[in-house]
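Dear colleague,

Here is the structure I said I would pass on. My notes on it follow.

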Amino acid sequence: MLTKEMTWDYSDPSTGFSLPAPYFYDSRVFEEEKRSIFMKCWHVVGHVNEFREAGSFVCQDIFEQSVIVVADREGQIRAFHNACQHRGNRLINERRGKIPAVLRCAYHSWCYGLDGALRAAPRSECLKNFDKTMFGLKPVRLEIFAGFVYVTLDNDAKSLAEMAPGAEEEMRRFLPDLDNLKLVEEVDVIVPANWKVIQENSIEGYHFDLSGPVHKQLAALIDFKSYRLTPHGEWWTYMAPPNAGAKTAYGQPIAGATWQTDWFFNIGLWPNTTLYCFPFTDMVGTFIMIPLEPEKSLLRFGYYAPDHRPIPELTKSAIAWMNQELGPEDIALNVSNQKGLHSMGFHQGRYLIDEQHVNQSEHLVHHFHKLCYQAIRG
Ligand code: FES
Ligand SMILES: [Fe+2]
């Protein structure tokens with residue numbers, strides 16, 4: 001499927017050209033990514049604590065697929081394809097909720113237990129050779145990794161621990177109370193840009209001091225010279241210690257010691273999951289770029305806070321600042337970047353690779369592009 005102008009030499013990021021523009025809008029690339037990346041990868045669904053009560057569910061859509069993740073009566077978290085085994089009707093259309101006693105299909109009332117077993121199928125007594133045990137919901141592979149629940153549609157996928165060795169330790173060092181979080185808020189934004197355009201923007205510090213005013217606010221909260229962006233195969237981190245001289249953050253005074261490390265810490269898991277915390281805050285954010293179309297993505301912002309202490313005002317302000325200031329400033333860049341990629345006057349650029357100033361280097365963008373290219377080249 002790769003045409004000549006879409007072959008890419010990624011061997012030397014410091015002298016070579018960047019991933020060609022069609023990778024960000026061509027529908028054939030998008031179909032390849034869907035098959036070779038998203039049908040095989042792990043998708044973060046939510047935190048384990050969202051499944052404390054029997055019947056609590058979260059639905060995760062992956063293109064035309066939909067997966068129900070639900071807590072059963074024994075407290076086990078299970079995942080099933082969101083399709084009734086009678087005629088295939090989609091069972092749940094909400095993102096979150098609670099299944100009462102049984103999961104009932106709205107079409108002909110087949111009813112499933114929280115373990116996926118078919119409990120009742122009205123009038124099925126009249127059927128010959130009908131064995132209810134053969135019509136349970138189809139299970140989906142699920143893993144819990146560092147307090148969060150993930151699903152994959154690929155039964156051969158490496159486990160998350162195998163895919164990202166060392167990642168959990170790194171998360172536990174920087175993210176506060178990973179096992180005791182509660183969901184504060186989830187915000188979905190549709191962005192008219194390719195999912196990779198959004199990812200790229202988040203994994204380089206080159207634009208921090210050079211784009212909009214909110215980025216400069218963020219740069220001022222950290223020791224920007226110490227910002228480090230580090231690839232580790234199929235996971236990566238980008239982080240900086242807090243600016244010890246900062247007096248206020250997100251419009252609030254920084255009053256003394258705060259939480260965990262106070263670092264600006266971000267960790268990316270292949271291909272599109274990011275967990276992070278902002279400096280001086282008591283929270284864990286999720287930042288997920290979900291591809292919908294070649295030039296349309298669902299950007300999902302999740303905010304989680306430790307559930308055994310009140311959320312500090314500074315943390316609340318940080319969440320509002322992300323939703324109302326930093327997020328929109330980056331999304332505006334994503335949208336205009338996407339438009340420019342279509343120009344007949346642009347095909348490839350250069351990565352700004354600077355070994356002397358690694359905080360502002362684009363080496364992680366190159367690493368990410370290489371993973372994408374290798375995934376679809378097979
Ligand atoms: S499709 Fe679900 S009961 Fe008929
Ligand atoms: Fe940005």
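Strand S18 (residues 284–293) is mostly covered, with eight of its 10 residues buried. Helices (H or I, at least four residues) and strands (E, at least two) are DSSP runs numbered from the N terminus; buried means under 20% relative accessible area, exposed over 50%, and partly exposed in between (1.4 Å probe, protein chains only).

The model is predicted: local features need pLDDT of at least 70, side-chain atom pairs count only at pLDDT 80 or more, and totals for chains, interfaces and linings use all residues. Residues are numbered from 1 along each chain as its sequence is written, chains are lettered from A and ligands numbered from 1 in the order in which they are written, and side-chain values use heavy atoms, with hydrogens and water left out.

S18 runs antiparallel to strand S17 (residues 273–277), and four bridges join them; strands count as paired if DSSP finds at least two bridges between them. Thr-274 has Phe-287 in S18 as its bridge partner. S17 and S18 form a hairpin with six residues between them, and Phe-280 in that turn has a positive phi of about 70 degrees. S18 is also antiparallel to strand S19 (residues 296–306), through nine bridges. Here Gly-285 is the bridge partner of Tyr-303 in S19, and two residues separate the strands of this hairpin.

On a 1 Å grid over the protein atoms alone, a cavity is a set of points where a 1.4 Å probe fits but cannot get out, and a pocket is an open set with protein on both sides within 12 Å along at least five of seven lines; lining residues have an atom within 4 Å of a point.

The largest pocket has a volume of about 480 Å³ (the space filled by probe spheres set on the points, which are joined across faces, edges and corners). Of its 22 lining residues, Glu-200, Glu-204, Asn-337, Leu-341 and Glu-362 are the closest to the centre. H6 gives the most to the lining of this pocket, six residues.

Leu-352 is in the loop between helix H6 (313–341) and helix H7 (363–377). At 30% relative accessibility, Leu-352 counts as partly exposed.

Regards
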